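User: Hi, could you walk me through this model before I set anything up? I'd like to begin with the overall layout and then ask about details as they come up.

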Amino acid sequence: MADIWTKQKRSEVMSLIRGKGNLSTEGRMLGLLRNHGMVGWRRHQSLPGRPDFVFRSKKVAIFVDGCFWHGCKDCYRTPKSNQEFWREKVQTNMQRDRRVSRQLRAAGWSVIRVRECMLKRRPEQVVARIRRKLESRTAARMSE
């Protein structure tokens, strides 16, 4: 069936549709934080890039990135159809990720990006990384 809208109108309509987040991946991170007694975080705070988890008092922002959508070097495989579209889409996502991380760092935030595959393969490593960052931010604040 042919599309009833022009390409421009279809693009406009699709841009208004907002994702609800990757619930399974974010849910896995949520479970890790809770199971390891990590407290003080909030979800989806109004910051550049809308981090998935934020430790506001420590100024630590955590993004949970899906391997497909964020171009994981180990996991991403370009779909067989519409390859140029997907390459461009993922490249744009990766550029946005870098831009958002720079913005947050310039504002004094620490940024942690966690890949979906790391949550599955090495959850303890993810927890250790977050703990180290939170501890270093606490030490830095105490020395000020």
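User: In what order do the strands form the sheet, and what is the pairing?

Analyst: The model is predicted, so a caveat belongs here: local features need pLDDT of at least 70 and side-chain atom pairs count only at pLDDT 80 or more, while totals for chains, interfaces and linings use all residues. Residues are numbered from 1 along each chain as its sequence is written, and side-chain values use heavy atoms, with hydrogens and water left out. As for the sheet, four strands form an open one in the order β1-β2-β3-β4, with mixed pairing, where two strands pair if DSSP finds at least two bridges between them. Strands here are DSSP runs of E with at least two residues, and helices are runs of H or I with at least four, both numbered from the N terminus.

User: Which strands stand at the edges?

Analyst: Those are β1 (42–43) and β4; each has a single partner strand, so one side of each is left without a neighbour in the sheet.

User: And how many helices and strands are there in the chain?

Analyst: The protein chain has five helices and four strands, and from the N terminus the elements run α-α-β-β-β-α-β-α-α.

User: OK, β3 next. How is it joined to β2?

Analyst: Strand β2 (residues 53–55) and β3 run antiparallel and are joined by three bridges; F53 stands opposite I62, and F55 stands opposite V60. Four residues lie between the strands of this hairpin, in which K59 takes a positive phi near 55°.

User: What about β3 and β4, parallel or antiparallel?

Analyst: They run parallel, with six bridges between them, and I112 in β4 is the bridge partner of I62. The chain passes from β3 to β4 through helix α3 (residues 83–106) in a right-handed β-α-β crossover, meaning that, with the strands pointing away from the viewer, the path from the first strand over the helix to the second runs clockwise.

User: How many residues of β3 are buried?

Analyst: Six of the six residues in β3 (residues 60–65) are buried, where buried means under 20% relative accessible area, exposed over 50% and partly exposed in between, with a 1.4 Å probe and protein chains only. Both faces are covered, with V60, I62 and V64 on one side and A61, F63 and D65 on the other. Over the 144 residues of the protein chain, 33% count as buried.

User: Switching topic: how many disulfides does the structure hold?

Analyst: It holds zero, taking a disulfide as a pair of cysteine sulfur atoms within 2.5 Å. C75 is in none, its nearest cysteine sulfur being that of C72, 3.7 Å away.

User: Last one, the second largest pocket: which residues lie nearest its centre?

Analyst: They are R113, V114, R115, M118 and R129, among 13 lining residues. A pocket here is an open set of points on a 1 Å grid over the protein atoms alone, where a 1.4 Å probe fits, with protein on both sides within 12 Å along at least five of seven lines, and lining residues have an atom within 4 Å of a point. About 210 Å³ of space lies in this pocket, the volume being the space filled by probe spheres set on points joined across faces, edges and corners. The largest share of the lining, four residues, comes from α5.
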